[in-house]
Amino acid sequence: MYKIFDLHNDYFLKLKDSKKDKYISQNYSKNNIISAVWTSELSIYESMREIERAKNFVNLKSNLLLGVEDLHFLTYENLDKFLTFRPAYSGLTWNTCNALAGGAHEGGNLTKFGKKVIGLLEQNNIKVDTAHLNEESFMDVSKVSKKPLFCSHTAFYGVNKHSRNLKDYQLKMIVDSGGLVGFCLVSDFINGKTKCKIDDVVSHIDYFACKFGIDNLALGTDFYGTSHLPQNAKNYKDLLFNLSNKLQDLGYTEKSINKIFYENASRFFA
């Protein structure tokens, strides 16, 4: 039986506290989940509060890790406090620019503050997530970072030309650095529409595997971060059965599927 290491699940802010334990008990007994806290619509105070709450929650669960999406709230005053939360990774921005970097839907480079933050994140063993960066800021991060490059959730521009998708040269940079790419399940990224099929998911995975191999590919579902999920790939059960069967039909071995589903991410975050 396969298991999954999900690099990006937004359940934490979308589920009421009373439902979080039930959701996790149903899904994480064999799977590893990174609980992403999306802060873009939160104030500075709310962002810090929710990240601390999430950290306290994941600390009680052996297979959970904390991720942070968008550091717009970060200041020189709260930076030291934030570092004590020790998330597994942090994304610098969301789709727009902030005081650190440029987002996928806008221009803008990595700022002086952004460079300082990257240095401190890496010194504290917090991975820098390049998801949501524009190309300029992605390149800036690649020059500043002293660690393998990482993207928690994206799809592939070579299959569908979407501003959130990574281009081949970016994927190659991540692979060459020994980094990791999380493939997400947002239909808009996969085929440019609000609906897609599991065959469309497989086409992205196979595209990456044929060009770059499978040792740097993982899953970053973006569950609860989108309502536009592919048909028959809307939860972990779907992935464990439907997606694995589709990959097997295409000739992927059990060992290869295990790498994509679990082992690559587990090794990267070990």
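Aspartate 6 lies opposite isoleucine 33, a residue of strand 2, where strands (E, at least two residues) and helices (H or I, at least four residues) are DSSP runs numbered from the N terminus. The model is a predicted one, in which local features need pLDDT of at least 70 and side-chain atom pairs count only at pLDDT 80 or more, whereas totals for chains, interfaces and linings use all residues. Residues are numbered from 1 along each chain as its sequence is written, and side-chain values use heavy atoms, with hydrogens and water left out.

Strand 1 and strand 2 are paired in the parallel sense over 3 bridges, pairing being assigned if DSSP finds at least two bridges between two strands. Strand 1 covers residues 5–9, and 5 of its 5 residues are buried, so this strand is largely enclosed by the rest of the structure; here buried means under 20% relative accessible area, exposed over 50%, and partly exposed in between, with a 1.4 Å probe and protein chains only. Tryptophan 38 is placed in strand 2 and is buried, with a relative accessible area of 19%. In sequence, tryptophan 38 and leucine 13 are 25 residues apart, while their C-alpha atoms are 7.6 Å apart in space.

The structure holds 19 aromatic pairs, a pair being two rings of Phe, Tyr or Trp (its six-membered ring) with centres within 6.5 Å, and planes under 30 degrees apart count as stacked, over 60 as edge-to-face and the rest as tilted. In the pair of tyrosine 89 and phenylalanine 150, the ring centres are 5.2 Å apart and the planes stand at 55°, so the pair is tilted. This pair links distant parts of the chain, since tyrosine 89 belongs to strand 4 (residues 89–91) and phenylalanine 150 to strand 6 (residues 150–154), 61 residues apart. Tyrosine 89 is buried at a relative accessible area of 0%, and phenylalanine 150 also counts as buried, at 1%. One aromatic cluster is formed by Phe5, Tyr89, Phe150, Tyr262, Phe268 and Phe269.

Most residues other than glycine have a negative phi. Asparagine 125, in the loop between helix 5 (112–123) and strand 5 (127–129), has a positive phi near 60° and counts as exposed at 64% relative accessibility. Aspartate 222, which is found in the loop between strand 8 (217–219) and helix 10 (236–249), has a positive phi of about 70°, but this residue is buried, with a relative accessible area of 7%.

About 300 Å³ of space lies in the largest pocket. Of the 19 residues that line this pocket, Trp94, His132, Asp222, Gly225 and Thr226 are the closest to its centre. On a 1 Å grid over the protein atoms alone, a pocket is an open set of points where a 1.4 Å probe fits, with protein on both sides within 12 Å along at least five of seven lines, and lining residues have an atom within 4 Å of a point.

Note on methods. Grid points are joined across faces, edges and corners, and a volume is the space filled by probe spheres set on the points.
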